[in-house]
Amino acid sequence: MSLPNSAKLEALYQELILDHYRRPRNKGTLAAAASAEGGARNPLCGDELTVTVALDGERVSAVRFTGSGCSISQASASMMTQLVDGRTLAEVAALRRRFSQLLAGDPDAAADPSLGDARALAGVAKFPTRHKCAAMAWEALAAGLGL
Ligand code: ZN
């Protein structure tokens, strides 16, 4: 066995993005009375996302998203919901900053296990026109949480 080279890692990440796109996690809507909502749009791609999030005190107790658009936007939303479910608001803010660093091309952020499946989006850093696609899930979440 050899260590994965960058081409293999890229193929693995591509597969992970497609998996989240085809089988999105936490897709749906929470009851309006028990949740806050935030939205984001990306006119460049036609991407739309709405994130609903419920809090138990300072902690995210449930999060869902709905939307349509490119595979990056929808996969990023699916990955984001997995990361923030059960986290405190401070942890959510820290994850959002870390993900921004990943999109800015920071190699430490790209390898940070705390970003989970979202590390698969590290390749988007090379394509500035797609940054919005990847970031909008976090923008919608932040809007919903008032962060
Ligand atoms: Zn897009």
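Two residues are in contact when they have heavy atoms within 4.5 Å of each other. Leaving aside its neighbours within four places in sequence, Leu141 is in contact with Val51, Val53, Val63, Met80, Val84 and Val92. This is a predicted model, in which local features need pLDDT of at least 70 and side-chain atom pairs count only at pLDDT 80 or more, while totals for chains, interfaces and linings use all residues. Residues are numbered from 1 along each chain as its sequence is written, and side-chain values use heavy atoms, with hydrogens and water left out.

Leu141 is among the residues with the most contacts inside the largest nonpolar core, together with Val84, Phe99, Leu102, Leu121 and Trp138. A nonpolar core is a set of buried Ala, Val, Leu, Ile, Met, Phe, Trp, Tyr and Cys residues joined through side-chain atoms within 4.5 Å. Buried means under 20% relative accessible area, exposed over 50%, and partly exposed in between (1.4 Å probe, protein chains only). This core has 39 residues. Two or more of its residues come from each of helix 1 (6-22), strand 2 (47-56), strand 3, helix 2, helix 3 (89-103) and helix 5. Helix 5 gives the most, with 9 residues. Helices (H or I, at least four residues) and strands (E, at least two) are DSSP runs, numbered from the N terminus.

Next comes the metal site. The protein donors of the zinc ion are Cys45 (SG), Asp47 (OD), Cys70 (SG) and Cys133 (SG), at 2.1 to 2.4 Å from the ion. Donors are N, O and S atoms within 2.8 Å of the metal (3.2 Å for Na, K and Ca); water is not among the atoms, so sites may look incomplete. The angles among the 4 donor atoms are 101 to 115°, and the site is tetrahedral; four donors count as tetrahedral if all angles lie between 85 and 135 degrees. Cys70 lies in the loop between strand 3 (59-68) and helix 2 (71-84), and Cys133 in helix 5 (residues 131-145), so the pair ties together parts that are 63 residues apart in sequence. Both Cys70 and Cys133 are buried.

Ser76 is found in helix 2 and is buried, with a relative accessible area of 1%. Beyond its neighbours within four places in sequence, Ser76 is in contact with residues including Cys133, Phe99 and Trp138.

By contrast, Asp19 in helix 1 is partly exposed, with a relative accessible area of 23%.

Definitions and conventions. Tetrahedral: all angles 85-135°; square planar, octahedral: opposite > 155°, others 65-115°.
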